[in-house]
Amino acid sequence: VGRGEPGKVNINFTAAVSTTFLAGLVFTVFGTFFTDALAVLLGAQGELLLMFKEYAFGICLGAIPIMLSQVIYFYVQLDGSPTLCVVSAVTGVVVNVVLDVIMVLVFHLGMLGMALATTISYTVILLLLLIHFTKKGNSLNLSFAGNLPRELSKVIAIGFPTALEMWSYMLRVGVLNRLLISIGGAAAVTAFAIQYDIDSFVSSITIGVGMNTLMLSGIFYGEGDVRSLKDTLRTSLRIGLILSIAA
């Protein structure tokens, strides 16, 4: 984008979206047909096993919209529709909360219902984000004309540190779940879930600032605009610190 090369942007977009779709398909198949194996992998046992299996089944049914919406979100934001991104995210949260209540209190579907509510909400987010591609100003298109494997290797190389962080976090959660179940049972796992919610709220500030800084910095780096790059980093660090201290 910074160098004004829309062709390469579309190859990058195509590589990311197509790979995400295939990965989502794998998770859908694995999560729906091998739920027991997934439960063992993440440490679910005892009274939590059935609840986990129901939730994992419902979530994995929506693996494709869940994964695609998060990838397309950043491309749409980068392509000039940040307001649409905010609207889609807020709408998804509202839909999720409302459906959680309906699924549990009206249809009595328990954990499966809550998982289906999440799946449906991400599907709504994805459909809203796709509105961007109907706009005249849209510059993102699927293009299979370039060297997709080479572009995908770049995407993987850049994203690997973040992926490694998430894998490590998943491993930590799996180990902690096993320890918590053996020490305090379901009550301990519930307490950990509450701690996770608090952590998610606080970390959303740093993640939000960090992702936007990464996006803007990438553009300025491509343009060779050193001054704007420094200004962006300086402003982001200041705002990020102030918000984090306040939180």
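Thr-35 is placed in helix 2, where helices (H or I, at least four residues) are DSSP runs numbered from the N terminus. The model is predicted, so local features need pLDDT of at least 70 and side-chain atom pairs count only at pLDDT 80 or more, while totals for chains, interfaces and linings use all residues. Residues are numbered from 1 along each chain as its sequence is written, and side-chain values use heavy atoms, with hydrogens and water left out.

- Thr-35 counts as buried because its relative accessibility is 9%; buried means under 20% relative accessible area, exposed over 50%, and partly exposed in between (1.4 Å probe, protein chains only).
- Not counting residues up to four places away in sequence, Thr-35 touches Phe-30, Phe-52, Lys-53, Ala-56 and Phe-57, where contact means heavy atoms within 4.5 Å.
- Thr-20 belongs to helix 1 (residues 6–33).
- With 12% relative accessibility, Thr-20 is likewise classed as buried.
- When neighbours within four places in sequence are left aside, Thr-20 is in contact with Met-67, Leu-68 and Val-71.

**Nonpolar cores**

- The largest nonpolar core has 15 residues, of which Leu-68, Ile-72, Val-76 and Leu-129 touch the most other members.
- Such a core is a set of buried Ala, Val, Leu, Ile, Met, Phe, Trp, Tyr and Cys residues joined through side-chain atoms within 4.5 Å.
- Ile-72 is in contact with Val-17, Leu-126, Leu-129, Leu-130 and Phe-133, leaving aside its neighbours within four places in sequence.
- Another core, of seven residues, lies apart from the largest one and includes Leu-48, Val-173, Ile-181 and Ala-188.

**Helix 2 against helix 7**

- Helix 2 packs with helix 7 (residues 148–223) at an angle of about 80 degrees, and their axes are 8 Å apart.
- For these values, axes are lines fitted to C-alpha atoms, for helices over the stretch in contact, and angles run from 0 to 180 degrees between N-to-C directions.
- Helix 2 is therefore roughly perpendicular to helix 7, a class that covers angles of 65 to 115 degrees, with those under 35 counted as roughly parallel, those over 145 as roughly antiparallel and the rest as oblique.
- From helix 2, the residues Val-40, Leu-41 and Leu-42 meet Met-170, Gly-174, Asn-177 and Arg-178 of helix 7.
- By class, this contact of helix 2 with helix 7 has four nonpolar, two polar and one charged residues.
- In this classification Ala, Val, Leu, Ile, Met, Phe, Trp, Tyr, Cys and Pro count as nonpolar, Asp, Glu, Lys and Arg as charged, and the others, Gly among them, as polar.

**Pairs separated in sequence**

- Leu-128 is located in helix 6.
- Between Leu-128 and Gly-92 there are 36 residues in sequence and 9.4 Å in space, C-alpha to C-alpha.
- Leu-128 is in contact with Leu-84, Ser-88 and Thr-91 once neighbours within four places in sequence are left aside.
- Ile-205 is part of helix 7, and its relative accessible area of 19% makes this residue buried.
- Ile-205 and Gly-240 stand 35 residues apart in sequence and 7.1 Å apart in space, C-alpha to C-alpha.
- Not counting residues up to four places away in sequence, Ile-205 touches Leu-243, Ser-244 and Ala-247.

**Salt bridges**

- Side chains of opposite charge can pair when their charged atoms come close.
- Three salt bridges are counted, each being a side-chain nitrogen of Lys or Arg within 4 Å of a carboxyl oxygen of Asp or Glu.
- Lys-53 and Asp-36 form a salt bridge of 2.8 Å, N to O.
- This pair links distant parts of the chain, since Lys-53 lies in helix 3 (residues 47–61) and Asp-36 in helix 2 (residues 35–42), 17 residues apart.
- Lys-53 is partly exposed at a relative accessible area of 27%, and Asp-36 is partly exposed at 45%.
- Arg-234 pairs with Asp-231 in a salt bridge of 3.0 Å, N to O.
- Both Arg-234 and Asp-231 lie in helix 8 (residues 226–246), three residues apart, about one turn of the helix.
- Lys-8 and Glu-5 meet through their side chains in a salt bridge of 3.8 Å, N to O.
- Lys-8 counts as exposed at 53% relative accessibility, whereas Glu-5 counts as partly exposed at 32%.

Key: Helices (H or I, at least four residues) and strands (E, at least two) are DSSP runs, numbered from the N terminus.
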